[in-house]
Every structure is written in structure tokens, then in C-alpha cells.
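Have the coordinates open while you read.

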Amino acid sequence: MNNQKYELVVVGGGPAGLAAAQEAYDQGIRDILIIERDFELGGILQQCIHNGFGLHYFGEELTGPEYAHQFIKNIRERGIDIKLDTMVLEVTPDKKVFAINSDEGMIEIDAGAVILAMGCRERTREAIDIPGSRPAGVYSAGTAQRYINMEQWIPGEKVVILGSGDIGLIMARRMHLEGAEVEAVLELLPFSGGLTRNIVQCLEDFDIPLRMQQTVVEIKGQDRLESVVVAEVDDNFKPIKGTEYEIECDTLLLSVGLIPENELSEEAGVEMSSITGGPIVNEGRETNIEGIFACGNVLHVHDLVDWVTEESLIAGKTAADYLKGGIAKRSKAIDVNPGENVGYIVPHKITNKVDDRKLVNLYMRAKQPMADVKINLYAGDKKLLDKKARRVEPGEMITFPVPEKMFSSNDISSLKVDIVKEEK
Amino acid sequence: MGKKVEITCISCPMGCDVELEIDDNNQIECMEGNNCKAGEKYVRNEYYNPTRILPTTARVKNGVLPLVPVKSKDPLPKEILEEAMTEIAKVELEAPIKLGDIVIENILDTGVNIVTTREILKKKQ
Ligand SMILES: Cc1cc2nc3c(=O)[nH]c(=O)nc-3n(C[C@H](O)[C@H](O)[C@H](O)COP(=O)(O)OP(=O)(O)OC[C@H]3O[C@@H](n4cnc5c(N)ncnc54)[C@H](O)[C@@H]3O)c2cc1C
Ligand code: SF4
């Protein structure tokens, strides 16, 4: 076996891996390797050719490839080592990374620290279990996006899209502009998880109907998809008998959610959260295994790549601190717990003592849409801080900055956030 | 007789549904449902002159990929998006391509250029 040694190995060359590697370099670490299984860096951004990226981080609206380019350029300028077309097969708890590519064969890399940045993958038909035949023409929306935007192949002419998250909405516009007929976008929930802006600019602009509380109950067709049977659902998402109708189509795109890609993390023994599907981390994005960090969509699915960047810079910095001689710990760790109408909070705990730190950002998602709310932070029963918001949506991540001085006391052992209607 | 128009404001996550009353001279007579001034400005512009950035792809010869993503450098009038797609479909570029290369200058006399949004290296033979 081909043996190599690096101070820091970053698994995945998407925006998360790139920002983490860049920050670790800027913090003084020089011996860094990024491993990417695709033929180029950039991750999922290379297929997201639409605009809407970078408003927070760069202050201007970029397309996915343009956003990725900024970081690829930074990595090149710093001369950070990259292995492309290389698949990481295993990461061990003592930070050995096993990878394979066609030039070098099997590689064993001894790493001082590892940053997991493998991104996420899409839920498939199997995951949501739609009955019926198994004809060609059923794709996940992200796969179709790669075909259309990178491989010059349009999956079909008459399309139904299941799922009204941003990927579903973006693909509705894309298929329409490429000349396909988009018959409808169906959403199981009574609300769309997508940005209002995408509903307006991807559907309403082109009169594409969005039908709430409906789902596909049957797929029909022999070799090729011929139609789907759609039904309305009740509040428990059960199809309502008698509401079925059929839509003729040759293509069904599934945009039914993303799952962090964590086989490697689990095999390494990284402790996972059943809610986010990603590792449990502290505020430095360190997992339960010392020296193994995680950031980006592998940790939790982000709505905006800007937050991926923000988070990955944190992971890169902590990894550098770790390599430079370790991180001071608080005498007591603080558990960060979701309260009412909060789905999850990352980080899951605060464990580090960092002298020059002014605040820690808590990232969270609401469970239900709600207007005119107060987001409250508690330590035990004591309220520390609140913040008003006009509106919260499960689709949009909420950032809640908490000043260091609020929790620096060693008495604090847990924080809780809830989102409640503001009393007028 | 005037008419009523509904526009969803997308200037912020509130996504207010705004209702306009338009008089016979195509003037906005009254606006209801917007929560703030920024919304008013957006809705006014969206009624008189809705524009969009158009992101799509153009064909590439001899590149590592058969397509390069492109966009309109500035927003285009909404009603010409489909026509612009037809224009862009006529183009075939030759790799290597740099980010920001002009694909079509002044598309459909709008004064807006179509530019590439990534680099495409030449395919190794
Ligand atoms: C379809 C879609 C549309 C989106 N639209 C928007 C939008 O409009 N605006 C916005 O701000 N954000 C958007 N996002 C979100 C944004 O693109 C992601 O949040 C961001 O790309 C996540 O970055 P990442 O680096 O965590 O993951 P990725 O970009 O997925 O990168 C992970 C990388 O790791 C590599 N990898 C995985 N496993 C291995 C392995 N075992 N060995 C080697 N390499 C491996 C993968 O090949 C990939 O390159 C969208 C996401 C998707 C999926
Ligand atoms: S009107 Fe104001 S509050 Fe309402 S969506 Fe527009 S900007 Fe937001």
C-alpha cells in the first residue's frame, strides 16, 4: 500500500471542504490535502448554475459555479495539495484515511486531523416508497440537474415534480426554459419549504401550478413513465380516497429531501444526531472523536451555501488550533437544546474555552412556519436574550448570535432556545 | 374601469401579498398589503418593469464538459427570457473558456451581455 502523511486531510472538495482548508491554511497549517471523488473541485455548486448564492458572504449575487470559483482560486493560490478522482473509503478513529484512485491505487494517509465535508445526497423513490411500476423516467431532481446543466441531456418533455423545496422549484424553471412542459409541482405539506422568491420566479413567472397537500400515489408505465396518479392528502399525509386524478407525463422528478452523507463518519465511530442525520459537534465543529471535525451539508443540510462557508471557516480554524497544540476546555460543557418549535440547533454543545471569542452563532431551524415571533434563549429557567423575527420558515436557517459573556460563567450547563408567538 | 393586480413581494422573507389597483391610464391608484417602504418600491418596479437574471447553459466544443453555464450579466425584461434562451441555444463555444467570457453581446438589443460563469478546460486528447 502507498503510505502518505499529512497534518490535515479534508474529505470532500465542495464549498465546505474548500473553505475549511483555506482557513486552516490561513491559520498557519501548511501540510493540507483535499480529497475529492469527482473530476474537479466545487461540489454540488458546479451543477447549481442559477443565481442566488453569496448575498451574505460576498455581498453580491453569484451563480453556484461562480461562488465555487472564488474558493477554488483561493485554494490554488495557496498551493494546497488536491487529489481529484479519488474516493475516500474509510476513516479510522486514530485518523488514518484510506482512499483509492487509478493513478496511485490504494492510499493510506496518516492524518493529524481530519475534516469531514462529504456533503449530502438526495432521498430516492425507495426512501419514500411510491407504489407502481418501475419505468424509466423517474429521477431525483439533483440528478436531473446534473444531466441538464453539465451533461447536456434533457430527461423528458412532460414533467411532474414532487416536492416544492428549492431544488424542485429551480428544476421546474430549468425544465420549462429548456422547452419541457412542467405539468405541476406537488407538495405533501400545506406549505412550501422553498424560498418565496423561488416560488415567484420559478413557478408564477411561467404559470406552473403548485398544488399543496397532494402527492403521487402510483407510477404507471411499462418501459417509460406514462403517467402518475395524484391524490390529495389529509393532515397526517394519508391520501384521501376519491381525490385521485391522473397526470400524463414522461418524467417525474423527486425533490423529497436531502440526507447528510455519513457512512464514513459512522464507520469511524463518530456520534450521530438522529435529527440532523449528521455528527454531534461542539461549537468548533469537532465531533466526539478528538481531531475529527465536520462541516457543511454532511453536518446538517443548509439552505444557503453562505452559511456552509461560515461554518466551515469555524471548522478550519478549530482544526488548526487543535494541530497547533490543542484547545482549552471549559470546566463544564454546555448542552444546547432545542425547545418549542425548534427542530434542531447546531452546535449541539459548547465545550471550548476561547479567549478572544466575542460570540457563538447558534444555527437552528423552526419546525413550523410562524409569523411575528420571539426567539428566546434560556439558561436553565433564566431567560438570557431574545430576538424578534417577522417570520420563521422551516426552509430557512435562523442564525442566533450569543455573546460569549452570556455563557462564560461556569455555572451554566445548558442552553435552550424556543420560538414562540410574540405577545402584543 | 381599473383592474386589480396581485404581486408577492420578495424583498424579504415575509413575502407579503400585495394588491394593486390600476386605473385606466395604467397608474397605480392604490397599494395594499405591503408592510414597508422597500416593498412598495419592489412592487412598483415589478409591475412596470419586471426583470430577471437568466442563468442557463451554452454548448461547448472540445471541452472537459459539453456545456458551460452562462448568465445575463444584468437582469433582462421578464417577457424576453424565452426568446433569449433561443438566441443562446444557437451559440457554440470552443474550449478553453474563462469565467466571464462574453458569449453574446447586447442580447436582443437590451444592452445586456450574456457571460460565462465558470471556466472550461480543453479536453485532453
Ligand atoms: C440541488 C441543490 C440546489 C441548491 N441551491 C442553492 C441555492 O440556490 N442557494 C444556496 O445558497 N445554496 C443552494 N444549495 C446548497 C448548497 O449548494 C450546499 O449547501 C453546498 O453545496 C454544500 O456544500 P458541501 O461542501 O457541504 O457539500 P457538496 O457541495 O455536496 O460537496 C461535497 C463534496 O464531497 C465529495 N465527496 C463525498 N464523499 C466523498 C468521498 N467518500 N471521497 C471523496 N469525496 C467525497 C463530493 O463529491 C462533493 O464534491 C443547493 C443544494 C443543492 C443540492
Ligand atoms: S413588503 Fe416589506 S415586509 Fe413585506 S415582503 Fe416586501 S420588504 Fe418584506
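## Ground rules

This is a predicted model, where local features need pLDDT of at least 70 and side-chain atom pairs count only at pLDDT 80 or more, while totals for chains, interfaces and linings use all residues. Residues are numbered from 1 along each chain as its sequence is written, chains are lettered from A and ligands numbered from 1 in the order in which they are written, and side-chain values use heavy atoms, with hydrogens and water left out.

## Where chain B meets chain A

On the chain B side 27 residues are in contact with 32 residues of chain A, contact meaning heavy atoms within 4.5 Å. About 2700 Å² is buried between the two chains, with carbon and sulfur atoms giving 59% of that. Buried area is the accessible area (1.4 Å probe) that two parts lose on being put together, summed over both. Ile10(B), Met14(B) and Pro55(B) supply 19% of what chain B buries against chain A, more than any other three residues.

There are also 5 salt bridges across this interface, a salt bridge being a side-chain nitrogen of Lys or Arg within 4 Å of a carboxyl oxygen of Asp or Glu. The elements giving two or more residues to the chain B side are β5 (55-61), β6 (67-72) and α2 (81-89). Of these, β5(B) gives the most, with 4 residues. Helices (H or I, at least four residues) and strands (E, at least two) are DSSP runs, numbered from the N terminus. By class, the chain B side divides into 15 nonpolar, 5 polar and 7 charged residues.

## Domains

Chain A is assigned domain 1 (1-122 + 257-327), domain 2 (124-256) and domain 3 (329-424), with bounds from an automatic or database domain assignment. The contact between domains 1 and 3 of chain A takes 21 residues from domain 1 and 19 residues from domain 3. Taken over C-alpha atoms, the centres of these two domains are 26 Å apart. They bury about 1700 Å² between them, 53% of it from carbon and sulfur atoms.

Between domains 1 and 3 of chain A the count is 2 salt bridges, and 12 residue pairs are in polar contact. The domain 1 side of this contact has 8 nonpolar, 7 polar and 6 charged residues. Chain B has domain 1 (3-49) and domain 2 (55-116), whose centres, over C-alpha atoms, are separated by 31 Å.

## The two ligands

Ligand 1 has 30 residues around it, and Glu36(A), Ile44(A), His50(A), Asn297(A) and Val305(A) come nearest. A residue counts as near if one of its heavy atoms lies within 4 Å of the molecule or strand in question. An N or O atom in the side chain of His50(A) sits 2.7 Å from an oxygen atom of the ligand, and a backbone N or O atom of Ala16(A) is 2.9 Å from a ligand oxygen. On the nitrogen side, a polar backbone atom of Asp303(A) lies 3.3 Å from a nitrogen atom of ligand 1.

Ligand 2 lies between chains A and B. Its surroundings include Arg390(A), Cys9(B), Cys12(B), Cys16(B) and Cys36(B). Its shell has 5 nonpolar, 5 polar and 1 charged residues.

Most residues other than glycine have a negative phi, and most peptide bonds are trans. Against that background, the bond from Val346(A) to Pro347(A) is cis, with omega near 5 degrees. Pro347(A) is in the loop between β21 (342-346) and β22 (349-352) of chain A. Another cis bond joins Ala95(B) and Pro96(B), with omega about 0 degrees. Gln213(A), which is not a glycine, has a positive phi near 55 degrees.

Note on methods: A polar contact is a pair of N or O atoms within 3.5 Å; within protein, one must be able to donate a hydrogen and the other to accept it, and residues adjacent in sequence count only if both atoms are side-chain atoms. Ala, Val, Leu, Ile, Met, Phe, Trp, Tyr, Cys and Pro count as nonpolar, Asp, Glu, Lys and Arg as charged, and the others, Gly among them, as polar.
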